[in-house]
Amino acid sequence: MSDPRRRLPSVDNCLRSPLIAPLLAEHPRHLVVAAVREVLSAARHAGAADLIDLPVMVAAQIARREAPSQQPVLNATGVVLHTNLGRAPIAARAVEAMMRAASGYTTLEYHLADGERGSRLDHCRGLLSELTGADDGMVVVNGAGALVLALNAHAAGREVILSRGEMIEIGGSFRIPEIMAKAGVVVREVGTTNRTHLDDYERAITPATAAILTVHRSNFTQTGFTATPDSEALAALARRARVPYLVDVGSGLLHDLSPWGLSGEPGVQAMVRSGAAVVIFSGDKLLGGPQAGCLVGERAAMAACRANPFARAMRCDKVTLAGLEATLALHRDFATAQREIPVLAMLTASSQALAARAEQLARLLRTADVRCQLQEGNSVVGGGAFPDATMPTTLVALDPAPHTADALARRLRLGNPAVVARVEADRVLLDPRTLRDDQLVGVRDAVRAASA
Ligand SMILES: *Cc1c(COP(=O)(O)O)cnc(C)c1O
């Protein structure tokens, strides 16, 4: 009996066939060739000679290769700052500013009045000072970079005092002691995992000391028998020792969110007022802007950061600076920020608004013959902010039959649009907190297709 795989056409024959040739008119030849190779090779491995679907399979393979690797996703997890899904969705006004900057030339480093060269580090500078109360501010590519820059600018080759309770891992490959070593500073550990006192810091100060660093425990909390000196006391100690007090607050909280049950996160302004020389925070966590790392602080301490070569190595592009500036401008007024910055709008959404959105989604799903119920639940802030906070929400629970819950969740992820949901107790849960009203119809369509 002859092997059916022998009957597979050659790549050249496929490319000449009238079924495949039209694809060559629409797509680059190397893409079509690669797609044909891939489909034939898969058919060979599967031992299949039935190539009736060959043109469809090749077209699908080309489409996969041409699709952008980053796809839009509907986030139905209720995790507001979902790092894997791109953290903060950006405010419409910031998006407009980013598009304007992206599509043309700008005054990124240029003074129109005299035609002279300017500095990109001047963008956002005034706004950062205005909003945080600091003398000065600057922006680099992300929070981790901002920390490396501040450490290197103030303490390269010398000692930085750090509590053992803050030798933490922020996520992925970002561990504070390792980052400090890479920034070229010597870590001088003090205290214990749960308790570090002011005199632990005091006793560690020697002529080799270059800075005191505190890092916010962003993604976990410590309770029980714990102690940490307050930031005013550490700032005063640093001043007496004539070294800068550097603080990495992580999330960039500019407004009091305790009326929404969100407390425990250090506010940037309070940290500036406490006397820190440099305060570091991300642009795309609670600030709700594009990915960036902000540094604000005392004039001389910021001048040292500005002059450090890492400021150049970690500089932002014009698009980020435009988006961050527009986001910061929205923060001038809390009501405006709450309305227009998606992260703040989602974090402060009322239970009634969430229940109404859940009901609307459930109605849409039922008219599409999808079985679902509403149930009470909680959303999560995510992104290393307010790790213990649970925000009450109303969830839409999908009955996964005939699929399992995991299978339905997978079908939702692979659908178009892709929907990322939570699975709990054999139910697929959709949290309306991280969905916009104008995305609900898309969710319905995706669920209908995935449930079939
Ligand atoms: C998130 C975080 C960082 C890193 O910020 P990126 O902008 O993600 O680089 C650094 N320090 C703390 C305390 C954080 O929470």
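A polar contact here is a pair of N or O atoms within 3.5 Å; within protein, one must be able to donate a hydrogen and the other to accept it, and residues adjacent in sequence count only if both atoms are side-chain atoms. Keep that in hand for the first stop.

This is a predicted model, in which local features need pLDDT of at least 70 and side-chain atom pairs count only at pLDDT 80 or more, while totals for chains, interfaces and linings use all residues. Residues are numbered from 1 along each chain as its sequence is written, and side-chain values use heavy atoms, with hydrogens and water left out.

**Stop 1**

Select the ligand, then D248. A nitrogen atom of the ligand is 2.5 Å from an N or O atom in the D248 side chain. Next, pick S282. One of its polar side-chain atoms lies 2.6 Å from a ligand oxygen. The protein covers 92% of the 380 Å² of accessible area that the ligand has on its own (Shrake-Rupley method, 1.4 Å probe; for residues, only the protein chains shown count as cover).

How many residues surround the ligand? There are 13, and the closest are G143, S218, D248, S282 and K285 (near means that a heavy atom of the residue lies within 4 Å). The shell divides into 4 nonpolar, 6 polar and 3 charged residues. Ala, Val, Leu, Ile, Met, Phe, Trp, Tyr, Cys and Pro count as nonpolar, Asp, Glu, Lys and Arg as charged, and the others, Gly among them, as polar.

**Stop 2: the pocket around it**

The ligand takes up the space of the second largest pocket (a molecule sits in a pocket if more than half of its atoms lie within 2 Å of the grid points). A pocket is an open set of points on a 1 Å grid over the protein atoms alone, with protein on both sides within 12 Å along at least five of seven lines; a cavity is a set where a 1.4 Å probe fits but cannot get out, and lining residues have an atom within 4 Å of a point.

This pocket has a volume of about 650 Å³. Its lining has 27 residues; T83, R87, S282, D284 and K285 lie nearest the centre. Colour β12 (278-282). That strand gives the most to the lining, with 3 residues. By class, the lining has 9 nonpolar, 14 polar and 4 charged residues.

**Stop 3: the largest pocket**

Select P89, M346, T434, R436 and Q439. These lie nearest the centre of the largest pocket, which is lined by 27 residues. Its volume is about 780 Å³. The elements that give two or more residues to this lining are β1 (73-75), α16 (342-347) and α17 (351-367). The lining divides into 13 nonpolar, 9 polar and 5 charged residues.

**Stop 4: the cavity**

The structure holds 1 cavity of 30 Å³ or more. Select R120, L121, H123, M138, V139, C316 and L321 to see the lining of the largest cavity. By class, that lining has 5 nonpolar, 1 polar and 1 charged residue.

**Stop 5: the backbone**

Go to A401 and P402. A cis peptide bond joins them, with omega about 10°. P402 is in the loop between β15 (391-398) and α18 (405-413). Move on to N416 and P417. Their peptide bond is also cis, with omega near 0°. P417 sits in the loop between α18 and β16 (418-420).

Finish at R242. R242 is not a glycine, yet has a positive phi of about 55°. Look for R242 in the loop between α10 (231-240) and β11.

Conventions: Points joined across faces, edges and corners; volume = space filled by probe spheres on them. Helix = DSSP H or I, 4+ residues; strand = E, 2+ residues; numbered from the N terminus.
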